[in-house]
Amino acid sequence: MSDKKALTTEALTIVGLVAENKQDATRQLAEKMLADGRLTDIEGFLEDVRAREEQMATGLPGGIGIPHARSAHVTTPSVAVATSVDGVDFGAHDGPAHLIFLIAAPDGADDQHLHILAALARKLVHEDFRQALRSATTGEEIASIITREVQA
Amino acid sequence: MKIVAVTSCITGIAHTYMAAEALEQAAKKAGHEITVETQGSAGSTPMSQATIDAADVAIFACDLEVKQKSRFNGKPFVAVGVSKALADADGIVASAVKGAQDGTAQLVGDGEAAKPAAEPKAPKAPKAEGDKKDGFFKKLFG
């Protein structure tokens, strides 16, 4: 991974996200990716995410939302992370998402990157991992938790 | 009990792996052995036929068709959408185990016509395993 960007950095986090709805939350996270040079076209990317979201909502039990897409508008596999006190409805049956992960993979992502995304996805199932992220008070902390657990 | 499972989702980068992890956790917690094949984007390493043959029951938590499903022919199974496996992995493991134990689980390949597509081997002769039509419609609408 030496010359490649990490999956998540402090620049891709929002602590205490305030969003009207899931589209708003997703856009705010995508803007972080755009500002960090990970997207070529934010509208195109958001359209791909929306198309995926329409197939089936990505809210999951345990208070998480994982809007995601493989998209030609993504240059670097990336995960932007937000914590939200009030929560954002991502369609889960057990309530709003307090942790939101916007997952972006380039169309032609290589296996190594996809394995890292897969490792992150597996971590999301664990309540202790989610709890650690929810309790994080800074973006730096969020990024370091994810990097430690997933890219170690 | 020995369980084999396959997970897949539309995009193949998130739910596939989350469901695999959830099923592994649930099975271990309930004292079962489990092997999960993730049919996602990060490559899919097929489990060995020996692993499948040794299993008592199969769980398909898939939003896509199971690849090379005929490998599991004759195996009692439970099929759910991938989200269901995330929402209630414990319940799915329990129902798979129960279905295999009391013989109520449907069997893979039971009632399905041999599909030539994606299968390297010649079409199998249909096996005489109960009422085909019933099995087929159960799978569609059950």
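Two residues count as in contact here if their C-beta atoms, placed from the backbone, lie within 7 Å. With that in hand, welcome to some close-up views of this predicted model.

**View 1. An open, mixed sheet in chain B has five strands.** Their order is β2-β1-β3-β4-β5, with mixed pairing. At the edges stand β2 (33-38) and β5 (106-107) of chain B, each with a single partner strand, so one side of each has no neighbour in the sheet. Helix α1 (residues 15-29) of chain B packs on this sheet, where it touches β1 (2-8), β2 and β3 of chain B, and its direction makes about 175° with that of β2(B).

**View 2. Strands β3 and β4 of chain B pair in the parallel sense.** Four bridges link β3(B), residues 57-62, with β4(B), residues 76-80. Look for B:A61, whose bridge partner in β4(B) is B:V80.

**View 3. Strand β4 of chain A (residues 68-71) has buried residues pointing both ways.** A:H68 and A:R70 point one way, A:A69 and A:S71 the other. Four bridges join β4(A) to β6(A), residues 97-106, and the two strands run parallel. Opposite A:H68 you will find A:I103 of β6(A).

**View 4. Helices α3 and α5 of chain A pack at an angle of about 110°.** Their axes are 10 Å apart, and the helices are therefore roughly perpendicular to each other. A:I116, A:A119, A:L120 and A:K123 of α3(A) meet A:I146, A:E149 and A:V150 of α5(A). Five of these contact residues are nonpolar, two are charged and none is polar.

How values were computed:
Residues numbered from 1 in each chain as written. Chains lettered and ligands numbered in written order. Predicted model: local features only at pLDDT ≥ 70, side-chain atom pairs only at ≥ 80, totals over all residues. Buried ≥ 20, exposed ≤ 12 C-beta atoms within 10 Å, placed from the backbone. Pairing = 2+ DSSP bridges. Axes fitted to C-alpha atoms, helices over the stretch in contact; angles between N-to-C directions. Parallel < 35°, antiparallel > 145°, perpendicular 65-115°, else oblique. Nonpolar A, V, L, I, M, F, W, Y, C, P; charged D, E, K, R; others polar.
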